[in-house]
Amino acid sequence: AAVDLRLLPRIGSMNAILRGIPLVACLLACEAAGDPAGDAVIAMRDGSPPAPSTEVAAAGVADCRLEGQPAALPAEVNETSGLARSRRDPGLFWTHNDAGGAPVLYAIDAGGALRGAVTVRGASQLDWEDIGAGRCESGDCLFVGDIGDNQGERESITIYRIPEPAATAARSEAAVALEARYPGGPRDAEALFVLPSGELFLVTKGERSAVEVYRFRAPQAPDAVGTLELVRELSPEPGRRADRVTGASASPDGRWVAIRTYSTLHLFPAGPLVSGSPVTADRVDLTPFGEAQGEAVVLADDGAVWLTSEAEGDGRPTWLRLRCALPRPR
């Protein structure tokens, strides 16, 4: 059944569920069909608990509100794949296109309008999938993840680290290429996040393998290739394409990590997530927003969430904002 977004000012709240009868009908119908709308990347498909060191459980449904109306992004980023909020100007965001494009970062404002296009000097674009912002030795940096591997054949992946440029710049400073490989062989990944400590993590997509979290340790020697450190498994290989991971973001204060799939947003407490301790996550069903192909996410300290989706057919890429009540620390 179609869902009228006007009935859903509070996605995930009990009041919204009581008012939004079409959503309740959809959830019941989907569950009866054996494909529950809340089926998440963190759910264990066979119902058995994971090992204690990787225990992940769904805590419940997060309380989120849609703020404003979804907007169309500029045609220049019709394959928007990653998103990061600027540390130099919190009113700006950085995004980029998917595989095969030019090594260009696009600055957009809070309304989704294009404010600049910056070529990343010294970088190539094999398969850029996500971007994060964080501290580095030179101050504020962007970390561009050339981490996509649809065929599972790359011997190593690359993170490009660059000092954050001005939105009006034509070119960035020279990028530093940080290479690493997975300990168990190639993985496809579309998500990364950076903690305030500067630690960088990758989340694999779940394409032909489990969804996993890896710590990225930069190689200690120039031109060396480092090895990623497996932190935990979040789930076995998802049974549905909708549950594959497409983006991640840490809140600037380092307390929370948002991990999104095509259909669901998960809010994790950062500490347990990256330590491998048992962890729970609250989730938000994103399907009522009608994203063509949900790709990226940014999470703010106050629970503001920005999402992007690639264009499909003759459509335009989309941009929307939620306001979520972050769960109490557990």
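Reply: Let's start with a term: a residue is buried when under 20% of its relative accessible area is left, exposed when over 50% is, and partly exposed in between (1.4 Å probe, protein chains only). By that rule, buried residues make up 52% of the 330 residues here. Bear in mind that this is a predicted model, where local features need pLDDT of at least 70, side-chain atom pairs count only at pLDDT 80 or more, and totals for chains, interfaces and linings use all residues. Residues are numbered from 1 along each chain as its sequence is written, and side-chain values use heavy atoms, leaving out hydrogens and water.

Now for the disulfides, meaning pairs of cysteine sulfur atoms within 2.5 Å. Searching the whole structure turns up two. One of them links C64 with C324, at 2.1 Å from S to S. C64 belongs to strand β2 (residues 63-72) and C324 to strand β22 (residues 318-325), so this pair ties together parts 260 residues apart in sequence. Strands here are DSSP runs (E, at least two residues), numbered from the N terminus.

Finally, number the bonded cysteines in sequence order and the pairing reads 1-4, 2-3.

Methods
Helices (H or I, at least four residues) and strands (E, at least two) are DSSP runs, numbered from the N terminus.
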